[in-house]
Amino acid sequence: MLAMRAKILLPITILSGLITGIWPAGIARAESGYDAWLRYAPLTAAAKAKYKSLPASVVVLGDAPVLRTSQDELIRGLRGMLGRTFRAETKLPQESAIILGDFKAVREVAAQWRAPVLASGDGFWLTRAHVHGFDCIIIAGATDRGVLYGVFHFLRKLALEEDLSNLNEKHEPYAPVRWVNQWDNLDGRIERGYGGRSIFFDNGTVRADLSRVADYARLLASLGINGCVVNNVNANPRMLASDFLPQLARIADAFRPWGVQLAISVDFSSPKAMGGLETFDPLDLRVAEWWKEKVDEIYRQIPDFGGFLVKADSEGRLGPSSYGRTPSDAANALARALEPHGGIVFYRAFVYDHHLDWRNPKNDRARAAYDIFHPLDGKFDDNVVIQIKNGPIDFQVREPVSPLIGGLEKTNEAIELQITQEYMGQQRHLCYLAPMWKAVLDFDMHVSGRATPVKDLVAGRVFHRPTGGFAGVANVGLDATWLGNPVAMANLYAFGRLAWDPNLSSSAIIDEWTRLTFGNDPLVVKTVDAMQLSSWHTYESYTGPLGIGTLTDILGSHYGPGVASSENNGWGQWHRADHDGVGMDRSVATGTGYVGQYSPAVQKLYETTAATPDNLLLFFHHVKYAYVLHSGKTVIQHIYDSHYEGTQRVKEYVRQWELLRGHVDEDRYAMVLARLKYQAGHAIVWRDAVCNWFLRASGIPDALGRVGHYPNRIEAESMQLQGYAPFDVQPAEAASGGKAVECAPPTQQCSAEFRFTRPAGWYELEVQYFDQNDGKSKFRVLLGDQLVDEWVADDDLPSAKVGSDTSTRRCISGLALRPGDEIRIEGTPDGNEHAAFDYVEISPSPE
Ligand code: GCW
C-alpha cells in the first residue's frame, strides 16, 4: 500500500513542480535541453539565503508588451530559482520593490535618480536607489527592450549566484544589428539545419502553433538579439505573396513581446517571378514602384517589420547582373522602398562565380567579395548593410578574415557568423566556435594604418556608420534541444553574447553558459568548460589543419571527409594538393593576388611563407610536403600528427564526460555521451581518410608508422563470409583498405567470422559499420554462441551511401577473449541499407 501511494504521489509532485517551477529537493528535474540557458533551476539553500532580502514586489512602469514580458519573466525566473512567487505590481507599493521601467518612467517616480548616459539604444542600468524612502532595486532601460535585457541580466546574475548588494551595472550593446538568420524553407525543411524541421513553416504555410516561435524569441531576447530573418536566403518568391503576408504577421506577433523584429529573405527576381512584371531590373521604374508598393503592404500588416536579406547573383540565384546592374543598384532599389518605414536591406557579399575554371592558377574564389563590393564603396544607401561572411570562402574550420571587412569605409557592414555547424560536424561533433569568432573579431585589419579590429569595423565604430553589427546563421529547429545537441547551444549563446559585447572572452562566455545550462557544480563547470574551449582546435586537428580548408565532401553533405571533392570543379574551394605539395598560392608575387586585398600591414603577415602563421599556411601558399613549419615539423608530418592528436583528444572527452555521471541529469548526460562516443568513432574515420589520402598523394610515410598500419584491425573482407560480399568503397580512403562487405538482396541475413589469435585478456571490440539513412539494418556480435551485443543502425546521418558520412563505430567494452575464440558479426539488411561493415578492431581494455 505504501509503495503504491508513493508511486501515485511522485507524478503528482512532479506535476506540481512543473506548474509552479518549484522542485522538491532530491528529485532530478526532467531535462530535455529545451530550456537551454533559461532553466531557472532552484538555487542551493546557501545561494537562496543570499537573496533572502530581495524586495517581494516587482513593479513595472508602463504597459507596453515588452515591459509586460519583462515583469512576467522576472517573476518566472525568481520563482524557479528561489521558490517564491513575487508580487506583480503596476504602482509603487509602500515598501521596497524591484522597479522596472525605461529611464524616463523611472525618473518620474524617483526624482533624485539620474539616468546614465548610454551611447546607443537598448542599454540598461541595474542599480539600487531610495524611492519614496524605500530601498529599491531598479532595472532601467534606455528602451523597453533595454528593460527586458536588464531583467535577463539580473536573472543571470542570480543563476550565477553573484552578489547583488552593491548593484550598479551599466551595459549597452556594441552595435545596433544583433540578428539571427534562419535558412528555413516553406516546406519545413531547413537548409543546413541539424535540429529538426522548421519552427516557422510547414507544408508551404506558417505553422498554426507558434508557441515554439515565442520560446525562440525568448531565448534570443535573453542574449539581446533584436532581429530574426525567418526564411532561407535561397528565398521562395512566395514569401511576398499578398495571401502570405498575414501569415508572416502572425510570426511578428509572436516575436513582438520579446522585442525581436521580423525580417525576411527575398528573391531578387520577385517582381517578375511573382509580381507579374516582365522584368526585375532594379533601375526600371516599374520595378522600383513594385517594391515600394510591396513594402508598404508589408508595413500595413507588420508595422515593426525589420527589412530584407538578399542573396543575389550567387550559387544560381538571380540578381542585378541579369541586367548588367550592380549590387548597389539592386540594394538601393529595395532600400528606398524600406527607408520611409525605417527598414534595412542586408545585401550579402557572398557573391561569386561557382563555375570558375580550376585549370587557371590565377582564379580564386576568395577574391570575389572584395573584387565586387570594394569598388562600390560609397554607392550604397544608408539603410543598406553589406552582410559579409567572416572568411572569404565559406565557414571553413579556419580562414583568414574576409578582406572586404576592411574594404568598406562609406558603407555599413555586418559580419555573418555561422552558428549551425555546417562544416563543423553538424552538431554531432562538439565544436565550440567562440574561440574562432573571437580570433576573427579581435583581428586587426590595420585600415589606414590604424588599429581597426574587425569588431569595431562591423559595428560601424571606425567610420562612424549609422548602423552595422552581427548576423548569426542559427537554424534552430523543432528538436527539443533546438540545435540537435544540448552542447551545441553554447554556440547560439556565444553568438548572442559576442554580438552584445565582442570584448567578452570565450572562456567567460562558456563559463556562464555551462553554469546556466548544467548548474554550478564545480566538477561539471571545470570539465565542460575545458572540453568546449578546446573543441574547435580539436575538430580542426582531425579535419583540415594548417588552413587547408575543412577537407569535407564539399559537393554533398559537407559532413564527412572528402579530400578530393574540392578539386577539379568550379566551386573554387581548392587546396591544390598533388604529388609534390599542397596549398593555394594567393600571394601577390606569384599567386592569385588575393593577399593584395588587405592593408599593407596585413599583407606583410601573409605574403611570404616565412611570415605566415602555420595555422593558415596552406590557405595562402603552395608548399612542398617536406616544407618545414615554424613548429619545426614538416607539413606532411603535421598533417599526420594533428589527426592522431585530435582523435585522441575526442577519446578523452568521452572519458571526461563519463566522470560527470550523477552530476548532470540522466537525460542530457546520456544524450551528450552518445554524441561524444559517436564523435570519437567518426574522428577516426576522418583521421584515416585524410591521412591515407595524403600518404597516397605524397608517397611520404608517417615517421611514426601509424598511417596505413592498423595491427589491431581485422578487415571485414578478410573474414570468413557467408552471404556477405566484399566491394570497393568510393573514394577508397572512406573505408579501411578501400573495401567493405555488404549483405545484398535477396540474401536476408549474412555473417562474417574470424578467429581471435592473441593472448587471453580483457579487450575492447569495435565494429566499424555503415549507417545509411535509407534503412535500419541490424547487427549482432557473437562470441562463440554467446550474443555479446546487438544494435539497429537507425541513425539519420546525411547520406544514403556507404562512405565517410555514414561510417560509424560501435564499441563493445570489456570482453574476456581467449586465443581460438570464434567471433561472428551477423548483419540483417533493411531497405537499401545492406548491413555493410568495414572492419573490427580489437585492442586491450584500458586499465
Ligand atoms: O555554404 C553554402 C551552403 C549553402 C548556403 C550558402 C549561402 C543557403 O552550403 O547551403 O545556402 O552557403 O550561404 O548562401
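**Pairings, bonds and a ligand shell**

Modeller: Strand β25 (residues 778–783) is joined to β26 by 6 bridges, and the two run antiparallel. This is a predicted model.

Colleague: What makes β25 and β26 a pair?

Modeller: Pairing requires at least two bridges between the strands. β25 and β26 have 6, so they count as paired under that cut-off.

Colleague: Which sheet has β26 in its strand order?

Modeller: An open sheet of 5 strands, ordered β20-β23-β28-β25-β26, with antiparallel pairing.

Colleague: Why are β20 and β26 called edge strands?

Modeller: β20 (720–722) and β26 (786–792) each pair on one side only. From one strand to the next, the twist averages 15 degrees.

Colleague: What runs from β7 to β16, and with which pairing?

Modeller: A closed barrel of 8 strands, in the order β7-β10-β11-β12-β13-β14-β15-β16, with parallel pairing. Neighbouring strands there are turned by 25 degrees against each other on average, direction ignored.

Colleague: How do you know that β12 and β13 are joined?

Modeller: There are 4 bridges between β12 (residues 307–310) and β13 (residues 344–348), which run parallel. The requirement is at least two bridges, so the pair qualifies. Phe-308 has Val-345 in β13 as its bridge partner.

Colleague: Now the ligand. Which residues come nearest to the ligand?

Modeller: There are 15 residues around the ligand, and Glu-191, Lys-311, Lys-389, Asp-394 and Glu-422 come nearest. By class, the shell has 8 charged, 4 nonpolar and 3 polar residues.

Colleague: What makes Cys-743 and Cys-750 a disulfide?

Modeller: Two cysteine sulfur atoms must lie within 2.5 Å. Those of Cys-743 and Cys-750 are 2.0 Å apart, so the pair passes. The structure holds 1 disulfide.

Colleague: Why is the disulfide of Cys-743 and Cys-750 called right-handed?

Modeller: The torsion about its S-S bond is about 80 degrees, so the disulfide is right-handed.

Colleague: What is the omega of the peptide bond from Gln-730 to Pro-731?

Modeller: Omega is near -15 degrees and the bond is cis. Pro-731 belongs to the loop between β21 (725–728) and β22 (739–742).

Colleague: And from Pro-745 to Pro-746, what is omega?

Modeller: Omega is near 10 degrees, and that peptide bond is cis. Pro-746 is in the loop between β22 and β23 (750–755).

Technical notes
Residues numbered from 1 in each chain as written. Predicted model: local features only at pLDDT ≥ 70, side-chain atom pairs only at ≥ 80, totals over all residues. Heavy atoms only, no water. Near = heavy atom within 4 Å. Nonpolar A, V, L, I, M, F, W, Y, C, P; charged D, E, K, R; others polar. Axes fitted to C-alpha atoms, helices over the stretch in contact; angles between N-to-C directions.
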